[in-house]
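Let's work through a few exercises together. Take a look at the sequence and the structure first, then try each task before reading its solution.

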Amino acid sequence: MTSKRFIMNTGRTTRQGRQISVGKADAEYEAMVTTVIMHPDDMKEIGAASGGTVLVRSENGEATFLCKEHGGKEGKVPRGMVFVAYGPPTCRLMGQTTDGTGMPLSKGWEVEVRPVLSPLGPPEGTVGAVLSPLGPPEGTVGAVLSPLGPPEGTVLSPGGEGS
Amino acid sequence: MGGKVTCTLGEVKNRADLIIYWGGNPADCHPLHFSRYTLNAKGKHVPQGRKGRTMVLVDVRETPSVRFSDIFLQVRPGKDFEVVTTLRALLKNRPVDEARVAETGLTLEQLQNLVDRMKNARFGVLFFGMGLTMTRGKHMNSAAVLTLVAELNAFTKFVSMPMRGHGNVTGADVVMRWTTGFPFGVNLSRGYPRFNPGEFSTIDVLVRGDNDAALILGADPGATMPQPAIDHLARIPTIVLDPKLTHTSRLARVHITTATTGISAPGTAYRMDEIPLPLKPILKSPYPTDEEVIRRIYEKVKVKPAWSPAAYAKVPCA
């Protein structure tokens, strides 16, 4: 097992777009934004298995993702590139300045990818496959049931349409 | 720089015989684009529909849109600007270094073929997405594409259009434009609009920590912005108006649930070609509309005395 540098490409998917309208406090949304799509030869080279966990590190931060071989509904990536749907984990990795444009570099930045060896999950302090900032799935009120709990002083009205 | 030569999606539907998507994945992100406006739609001057149109896709990866395209040009990441510049050179019969073209991941023959198709099209359209505008080069990539399209009008009718995101992002730009003269990154703190991307744009303000409060309306920066911006939103009083709990709601002091515009609240949304569409609600909601909440906040704020440094100085320090 080894690490390798890749170009990270982020984007939207149909399922993700649909899930945004349904609600983000959902296991399906969580799975989508914490899965990295890779070329099978690259996975072989770094020793990552489909369904395994990888640590992705950029100059701005790091996050863990579940690894998936390309070729499904998300399309294919060329060797040397990884693809992830936008979400909280990519926020940790993306550019933090906008170079005077108002828009950060959110596609095509360099990252290092390496498989995570521990069977216990990702290293402490990383956001990704295991830890959701939203907490439990839809139907629950985040402020009460979230494992993280709300920031002090938070006032949350029940979410979702009543109709 | 040639500005944006553009048209409505209705014109695209009725006239376009060459459709180029650059750095966009409509099959995934705009699933009705093909059927309503571009590939499969039968138009007044394109009665054959799909058979009467050619689709070219330019992207760095094989997205699900590839299978809908006639020609797929896979560009090496970060080389879009070079490809556009080469196309502009070929358009003007300027000499081009074949070895430099090869660095883009494409061949000179592929680009010459594309230029020939563009020049010979009856009505061409270039849709560009975030794969072009949010990679290295950013606004320079956009400017290059807009210039290419403007220059193509010396040969035939050619237009361009950005593939805008979900919701009403076009509406936000359009309304800002006709109210302040600028599309985004506007500062009104002096009582008149000042425009300066990189200084007054949201991410820059948040990352620098310039603001001491935030009102988030119909957006989820907690799931899309750089982490330092998210951390700042968690530090300051942040108020979120949204029909659903979002990542930003989790770090906000207050989340106000509102009715969903277009489903349980009326409103106006702008299509990506900047055509305003009235939205009629089909359901009733127990929650107030965004407009109602903002109006009520505004009425409360309006009766408060204006803030001034002199008044602030009279407050005794603890």
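**Exercise 1.** Find which domains chain B is divided into.

*Solution.* Start with the bounds: chain B splits into domain 1 (9-162) and domain 2 (169-304), with bounds that come from an automatic or database domain assignment. Next, take the centres over C-alpha atoms: those of domain 1 of chain B and domain 2 of chain B are 33 Å apart.

A quick note: this is a predicted model, where local features need pLDDT of at least 70, side-chain atom pairs count only at pLDDT 80 or more, and totals for chains, interfaces and linings use all residues. Residues are numbered from 1 along each chain as its sequence is written, while chains are lettered from A and ligands numbered from 1 in the order in which they are written.

**Exercise 2.** Work out which residues of α6(B) are buried, and which are exposed.

*Solution.* Now pick out its buried residues: Leu114(B), Val115(B) and Met118(B) (buried takes 20 or more other C-beta atoms within 10 Å of the residue's own, exposed 12 or fewer, with C-beta atoms placed from the backbone). They sit on the same side of α6(B) because they cover an arc of only 100° around the axis (the arc of the directions from the helix axis to the C-beta atoms).

Notes. Helix = DSSP H or I, 4+ residues; strand = E, 2+ residues; numbered from the N terminus.
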